[in-house]
Amino acid sequence: MINKLSIIILLILSSCAVNNNMDNKFMIRFASCFHSDKVSLYINEQVIFKNLVIKTDDELDLTPIRVIYFSDNTIKVYNKKNILYSNKIVLDKEISLYIEKNNKIQKKTISLSKGKRFVIDGCNNDIQINQFSNRIVYE
């Protein structure tokens, strides 16, 4: 009886995990070298957030900020588990990202077919937008 119950619970948890992964179309993480910087993010010239103060966690070299675009065309900005912003936006398979850090702007046109995970670094007084097709593992 315990084995059957364990299997059922495992199947339910697996199903939830799969549905959660399929629900988002892309995700943006802010990683290294943010030191209480004012950051703004635009997608296709639409403001996602403006002048958000972002700071890298010294222990993990990550910020708690995540931007997730869901299949219902909702884009949400999270600080840990708290939703800071939520908007509806319709995007194609190619998007233009504009990131502004302390009045310096980086623009990159991206095809989502090449990967739907993005990591933005702010090192060397520069902004780097990295695109990944596989799950990102932080060591």
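Q: How many bridges join strand E5 to E6, and do they run parallel or antiparallel?
A: Six bridges join E5 (residues 74-79) to E6, and the two run antiparallel. Strands here are DSSP runs of at least two residues, marked E, while helices are H or I runs of at least four; both are numbered from the N terminus. Two strands pair if DSSP finds at least two bridges between them.

Q: Before I go on, what kind of model is this?
A: A predicted model: local features need pLDDT of at least 70, side-chain atom pairs count only at pLDDT 80 or more, and totals for chains, interfaces and linings use all residues. Residues are numbered from 1 along each chain as its sequence is written, and side-chain values use heavy atoms, with hydrogens and water left out.

Q: Back to E6. What stands opposite Thr 74 there?
A: Lys 88 does.

Q: And which sheet has E5 and E6 in its strand order?
A: An open sheet of six strands, ordered E6-E5-E4-E1-E9-E10. The pairing is mixed. E6 and E10 are the edge strands, each pairing on one side only. From one strand to the next, the twist averages 15°. Such angles run from 0 to 180 degrees between N-to-C directions, with axes as lines fitted to C-alpha atoms, for helices over the stretch in contact.

Q: What holds strands of a sheet together in general?
A: They pair through backbone hydrogen bonds, either parallel or antiparallel.

Q: Switching to E7. Why is it largely enclosed by the rest of the structure?
A: Strand E7 (residues 94-101) has seven of its eight residues buried, so the rest of the structure largely encloses it. Buried means under 20% relative accessible area, exposed over 50%, and partly exposed in between, using a 1.4 Å probe and protein chains only.

Q: Which strands does E7 bridge to?
A: Five bridges join E2 to E7, running antiparallel. Val 39 stands opposite Lys 101 in that pairing. Eight bridges join E7 to E8 (residues 104-111), also antiparallel. There, Glu 100 has Ile 105 in E8 as its bridge partner.

Q: What about the hairpin of E7 and E8?
A: Two residues lie between the strands. Asn 102 takes a positive phi near 50° in this hairpin.

Q: Where does the charged end of Lys 101 sit?
A: Over the ring of Phe 34, 5.3 Å from its centre. The rule wants NZ of Lys or CZ of Arg within 6 Å of the ring centre and within 35 degrees of the ring normal. Arg 66 also lies over a ring face, that of Tyr 78, at 4.7 Å from the ring centre.

Q: How many aromatic pairs are there?
A: Five. Phe, Tyr and Trp rings (the six-membered one for Trp) pair if their centres lie within 6.5 Å; planes under 30 degrees apart are stacked, over 60 edge-to-face, the rest tilted. One of them is Phe 49 with Tyr 85, stacked at 6.4 Å centre to centre and 15° between the planes. Phe 49 is in E3 and Tyr 85 in E6, 36 residues apart.

Q: Phe 49: buried or exposed?
A: Buried, at 1%. Tyr 85 is partly exposed, at 32%. Ring pairs link Phe 30, Phe 34, Phe 49 and Tyr 85 into a cluster.

Q: Last topic. Which residues does the disulfide join?
A: Cys 33 and Cys 123, S to S 2.0 Å. The cut-off is a pair of cysteine sulfur atoms within 2.5 Å. The link is right-handed, with 80° about the S-S bond.

Q: What does it tie together?
A: Cys 33 lies in the loop between E1 and E2, and Cys 123 in the loop between E9 and E10, so the pair ties together parts 90 residues apart in sequence.
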